[in-house]
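Morning, everyone. Please look at the screen.

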Amino acid sequence: MPAIPPIDTNRLAAANVAARIEHFEEISSTQTRARECAGDADCPLPLLVLADRQTAGRGRQGNTWWTGAGSLAFSLLFDPAMLGGARRLEPRVALAAGVAIVDAVSPRLPEHRVGLHWPNDVYVGSGKLAGVLVEVLADGRHILGIGVNSNNSAADAPPEMRSQVATLRDLSGQAHDQTQLSIDLLDCVTTRLRELWANDPRLLGSFDALCLQHDEALTLYLGERAVAGRCVGIGPDGALILDTQEGVQRFHAGTLRPALLPRQ
Ligand code: BTN
């Protein structure tokens, strides 16, 4: 595989993807850096923080995020008021970002079905291609963290993760222009977030259309409570819909696992 060119921040700036861009070769977590920047009331928004390597990449619910060499990792600090709304819309923000990732990645993977695992993951088959982490600050500003397994390879992942990782490079057999991928993805993110705050049915309907878990037996953990059911889909409100022993129920939070796997 030829050497993969690093992100070109001048090209990103020329494409107007953010009001301010910070690029690090290595950082603990872009999410943490974006939060630090949020402390500066004069920080221009949206702020984009990218890193080639994260030493302590963060996932949802305290999980770590593996940022293998060649992967794409960034956090976007933005104010929803700039996108036409200020209401809090979790878990739909993560789902809208997931749809944006599918938009940007699918044309690069024409042979594969790329879709969503509720509430914040993008999968191809049984491999996780991307993850989304949304943090909402007290003043309503959002930090949207996105990690895409782009030009990294599952072969370099920690052994226990290898079978669960899908990467763009492994699936397509070629390296991708990381800067163009970032530009396309950030465009798609902006479009989908605008649609979200505008209640656009094109976006809200795509949660279910892209759901890869229809009909799967799943267990949702809500603290100590576990609810087992068959996945009916994802509602336009972002709810996971499960057909359980007590009937069809809708959930807005929780951690999902396949029903046959023991709880970790
Ligand atoms: C998850 O799958 O649980 C979410 C993963 C989110 C990872 C991204 S990578 C960029 C940003 N910085 C972080 O530390 N985490 C997010």
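In which loop does Pro 119 lie? Pro 119 is in the loop between β4 (114-117) and β5. Helices (H or I, at least four residues) and strands (E, at least two) are DSSP runs, numbered from the N terminus.

Before going on, two notes on the source. This is a predicted model, in which local features need pLDDT of at least 70 and side-chain atom pairs count only at pLDDT 80 or more, while totals for chains, interfaces and linings use all residues. Residues are numbered from 1 along each chain as its sequence is written, and side-chain values use heavy atoms, with hydrogens and water left out.

Back to Pro 119. The peptide bond joining Trp 118 and Pro 119 is cis, with omega about 0 degrees. Another cis bond runs from Leu 45 to Pro 46, with omega near -5 degrees. Pro 46 belongs to the loop between α2 and β2 (47-54).

Gln 61 is not a glycine, yet its phi is positive, near 55 degrees. You will find Gln 61 in the loop between β2 and β3.

Now the ligand. How many residues surround the ligand? There are 21, and the closest are Ser 29, Thr 30, Arg 58, Arg 60 and Lys 128; to be near, a residue needs a heavy atom within 4 Å of the molecule. By class, this shell has six nonpolar, eleven polar and four charged residues. Here Ala, Val, Leu, Ile, Met, Phe, Trp, Tyr, Cys and Pro count as nonpolar, Asp, Glu, Lys and Arg as charged, and the others, Gly among them, as polar. The largest share of the shell, four residues, comes from β6.

Next, polar contacts, meaning pairs of N or O atoms within 3.5 Å. A polar side-chain atom of Lys 128 is 2.5 Å from an oxygen atom of the ligand. Thr 30 has a polar side-chain atom 2.9 Å from a ligand nitrogen atom.

Where does the ligand sit? In the largest pocket, which means that more than half of its atoms lie within 2 Å of the pocket's grid points. A pocket is an open set of points on a 1 Å grid over the protein atoms alone, where a 1.4 Å probe fits, with protein on both sides within 12 Å along at least five of seven lines; lining residues have an atom within 4 Å of a point. This pocket is lined by 48 residues, and among those nearest its centre is Lys 128.

Technical notes: Polar contact = N/O pair within 3.5 Å; in protein donor to acceptor, adjacent residues only side chain to side chain.
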